[in-house]
Amino acid sequence: KINKKYIVVIDPGHGGKDPGAIGVNGTFEKNINLLFAKIIRSVLSSNNIIVKLTRTDDRYLYLKDRMNFAEKAKADLFISIHADASKNRKARGFSIFSLSNKASDKEAKKLAQRENNSDYIGGLRIRHSDPLIKDNLIKIFQRQTMNESAKIANIVIKNIKKLSIKNRGHRNAGFVVLKSLTTPSILVELGFISNKKEEKLLNNKAYLTKISKIISLSILNYFNQTN
């Protein structure tokens, strides 16, 4: 148990006119993300943590709005929930991403580009400018936030090893939704909706609950360290 009231914002990716990835059997990623967000909300709430969801129903949100939501809520942590897809039907496994201006691998870079394009669906034709920051103070802020994000990501990856799930590790890429200067932020890829077996698992509440318990445990570990 933790004495301080921590605030965690859970962001179910996609929604509304943006279904996200679509599974082999027609599962919409946006629905899995929301289901998982609600499960982890109840697990975290029972551990005395204040949880806010960027969306609680099937609606479309711009990436900036998701990020701003966390900053307005003065969140101690922001977690964006996603499920992956690949042309390779055999691809499977769980990944955690934190922000870096240089992607850790080609696949991560592609994934970030795909997720960042989510804004185009809403008609927002913006070039997301990387906040390449002139102000040194802000630079220090962002570096500190990025370090904290990496710290929580590594704790999750260590704990997820307890599950018999393929672990793709902690990776980095330039996800717009992770670009908060003040809120440590991570993006979770629960598994591959394009893989028949994983799609079935991601539709299974018991399986999602298992993952949510591991992530919740990791969040508690993280807050205990920073306490």
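The largest cavity in this predicted model has a volume of about 70 Å³, where a cavity is a set of points, on a 1 Å grid over the protein atoms alone, at which a 1.4 Å probe fits but cannot get out, and where a volume is the space filled by probe spheres set on grid points that are joined across faces, edges and corners. By this rule there are 2 cavities of 30 Å³ or more. The largest cavity is lined by 14 residues, and Leu63, Arg66, His82, Glu115 and Val177 lie nearest its centre; lining residues are those with an atom within 4 Å of a point. Two or more residues of this lining come from each of α2 (63-72), β3 and α3, helices being DSSP runs of H or I with at least four residues and strands runs of E with at least two, numbered from the N terminus. The lining divides into 5 nonpolar, 6 polar and 3 charged residues, with Ala, Val, Leu, Ile, Met, Phe, Trp, Tyr, Cys and Pro counted as nonpolar, Asp, Glu, Lys and Arg as charged, and the others, Gly among them, as polar.

Local features need pLDDT of at least 70 and side-chain atom pairs count only at pLDDT 80 or more, whereas totals for chains, interfaces and linings use all residues. Residues are numbered from 1 along each chain as its sequence is written, and side-chain values use heavy atoms, with hydrogens and water left out.

The strand β3 belongs to an open sheet of 6 strands with mixed pairing, in the order β2-β1-β3-β6-β4-β5; two strands pair if DSSP finds at least two bridges between them. Its edges are β2 (50-53) and β5 (167-173), each of which pairs on one side only, and neighbouring strands are turned by 25 degrees against each other on average, direction ignored. Within the sheet, β4 (residues 94-99) and β6 (residues 185-192) pair in the antiparallel sense over 3 bridges, and Ile96 has Val188 in β6 as its bridge partner.

Helix α3 (residues 106-116) packs on the sheet, touching β3 (77-84), β4, β5 and β6, and its direction makes about 65 degrees with that of β5; contact means heavy atoms within 4.5 Å, and angles run from 0 to 180 degrees between N-to-C directions of axes fitted to C-alpha atoms, for helices over the stretch in contact. Helix α7 (residues 205-226) lies across β1 (7-12), β3, β4 and β6, running at about 155 degrees to β3.

Helix α3 also gives 4 residues, the largest share, to the lining of the second largest pocket, a pocket being an open set with protein on both sides within 12 Å along at least five of seven lines. This pocket has a volume of about 290 Å³, and of its 14 lining residues Ala85, Ser86, Lys87, Lys110 and Arg114 are the closest to its centre.
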